[in-house]
Amino acid sequence: MSVALVWVVSPNTEVFKFYGILDSSRFVFGNRSSIRAKMGGKQDWKSCSLSTDVKYSSVGGSGLGSEAKFPVSLSMVANPLGESAVSSEQKVYDVVLKQASLVKKQLRSNGYLDVKPDIILPGNLSLLSKAYDRCGEVCAEYAKTFYLGTLLMTPERRRAIWAIYVWCRRTDELVDGPNASHITPTALDRWELRLDDLFQGRPFDMLDAALSDTVTKFPVDIQPFKDMIEGMRMDLRKSRYQNFDELYLYCYYVAGTVGLMSVPVMGISPESQATTESVYNAALALGIANQLTNILRDVGEDARRGRIYLPQDELEEAGLSDADIYAGKVTDKWRSFMKDQIKRARMFFDEAEKGVTELSEASRWPVLASLLLYRQILDEIEANDYNNFTRRAYVSKAKKLLALPIAYTKSIIRPSRTSPELRKYNL
Ligand SMILES: CC(C)=CCC/C(C)=C/CC/C(C)=C/CC/C(C)=C/[C@@H]1[C@@H](COP(=O)(O)OP(=O)(O)O)[C@]1(C)CC/C=C(\C)CC/C=C(\C)CCC=C(C)C
Ligand SMILES: [Mn+2]
């Protein structure tokens, strides 16, 4: 199995580049939703005419390794089993399109993202600002670097991101926190009812009130929030993932959703010429990359809780089983398996990085900093010789600090002003 870059030529000779995983029998796109984004969202994945049009793929490419050409039969790409089931990436991409169209609708009606003023009722304003301040405190406590980054944003954006952060953190704590053993699907249903209420202006508590205010001010769709709760439900009922498609859906639910919630607040740069969908796609990719990294870092810890978040079919293909994971021995098979998993996570980081420059100026630095910091965990897994059973990959304070100016330098790059020729190819 290796990472491949495939050039797809559409019927009207447009060229599209896609990364994916190539093994002996098939090519699997790393991020199929990016195909729809790049091809204008018009093509239905099953019926799109990719099948005749792949020219070649080159293993490695883009600095990933040496070039070696493989002929790829596209019938294998489109649907190896001839199944008509909708892939997870298709399902997720529908949410991306919905969120992007909500943002575009507001932009069309105003020409800009309008931040509505606070509704001033006696006593309410100070309560609301206290609620936001509390969200800021929670954010600072759990995610210090990220919190510092948010201080660069405008006050409205900063506090809205804090409110989203706190809701996500509380949702995650339901299944990961001290009361996790008491959490049932019914408790998650109740949490979802609370979410519906806060989106309708009826917050349950002070922290909900901050989010309730945020969602009236920014074009944030409820779906990613509901999907995050769905991810928590999935975690309660499932401890194995048959293939990457299943894992992808889980990663979207628990982390890709965060990207979709955050971008409407962070904002896209007015100078950006990228399509709204492609920016949301990059945001989604960052969530997926983070969660894949989290999974790779925590293999041992998760196994001790009886959970294996690695695709079962890929484990089997590598000659590995659950028993090997429970045994926790770093073998050559494990190293080789891990190398491929790391490559895939990096592919999603690369996809995400392309979108960061399109964000509003003040949002680029915190996002890039978090991307660089999280991506370094993968380097640390390598440095630990792939022992993620008993050693936790940890990025040192010094390395973390070094990432900040690097992120800053990268973040001052303006959004791409792509040449009309390249824009035609959406490259
Ligand atoms: C700049 C930035 C990072 C903004 C995001 C702010 C925000 C709302 C974060 C919420 C994070 C959260 C609490 C999610 C709940 C589920 C969860 C915990 C997911 C895991 C995060 C890592 O946390 P940790 O290591 O503490 O995990 P443990 O539970 O302890 O195991 C995740 C792995 C995923 C978090 C996902 C993101 C941060 C995605 C961020 C994407 C964007 C902000 C979009 C950027 C836009 C472009 C165009 C690239
Ligand atoms: Mn967690």
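Visitor: What percentage of the 427 residues of the chain count as buried?
Guide: This is a predicted model. A residue is buried if 20 or more other C-beta atoms lie within 10 Å of its own. Of the chain's 427 residues, the share that counts as buried is 40%.

Visitor: How many helices and how many strands does the chain have?
Guide: Both kinds of element occur in the chain. The strands number seven, and the helices number 18.

Visitor: Which helix gives the most to the shell around ligand 1?
Guide: Several helices each supply at least two residues of this shell. They are H6 (155-176), H10 (244-266), H11 (276-297), H15 (332-356) and H16 (361-383). The top contribution is eight residues, and it comes from H11.

Visitor: Which residues come nearest to ligand 1?
Guide: There are 29 residues around ligand 1. They divide into three charged, eight polar and 18 nonpolar. Those that come nearest are Cys168, Ala255, Gly259, Ala283 and Gly355.

Visitor: Which residues touch the most other members of the largest nonpolar core?
Guide: This core has 95 residues. The ones touching the most other members are Cys135, Ala163, Ile164 and Ile288.

Visitor: Which residues does Ile164 touch, not counting residues up to four places away in sequence?
Guide: Ile164 is among the core residues that touch the most other members. Touching here means C-beta atoms within 7 Å. Leaving out residues up to four places away in sequence, Ile164 touches Leu211, Thr214, Met261, Ser262 and Val265.

Key:
Residues are numbered from 1 along each chain as its sequence is written. Chains are lettered from A and ligands numbered from 1 in the order in which they are written. This is a predicted model: local features need pLDDT of at least 70, side-chain atom pairs count only at pLDDT 80 or more; totals for chains, interfaces and linings use all residues. A residue is near a molecule or strand if its C-beta atom, placed from the backbone, lies within 6 Å of it. Helices (H or I, at least four residues) and strands (E, at least two) are DSSP runs, numbered from the N terminus. Ala, Val, Leu, Ile, Met, Phe, Trp, Tyr, Cys and Pro count as nonpolar, Asp, Glu, Lys and Arg as charged, and the others, Gly among them, as polar. A nonpolar core is a set of buried Ala, Val, Leu, Ile, Met, Phe, Trp, Tyr and Cys residues joined through C-beta atoms within 7 Å. A residue is buried if 20 or more other C-beta atoms lie within 10 Å of its own, exposed if 12 or fewer, and partly exposed in between; C-beta atoms are placed from the backbone. Two residues are in contact if their C-beta atoms, placed from the backbone, lie within 7 Å.
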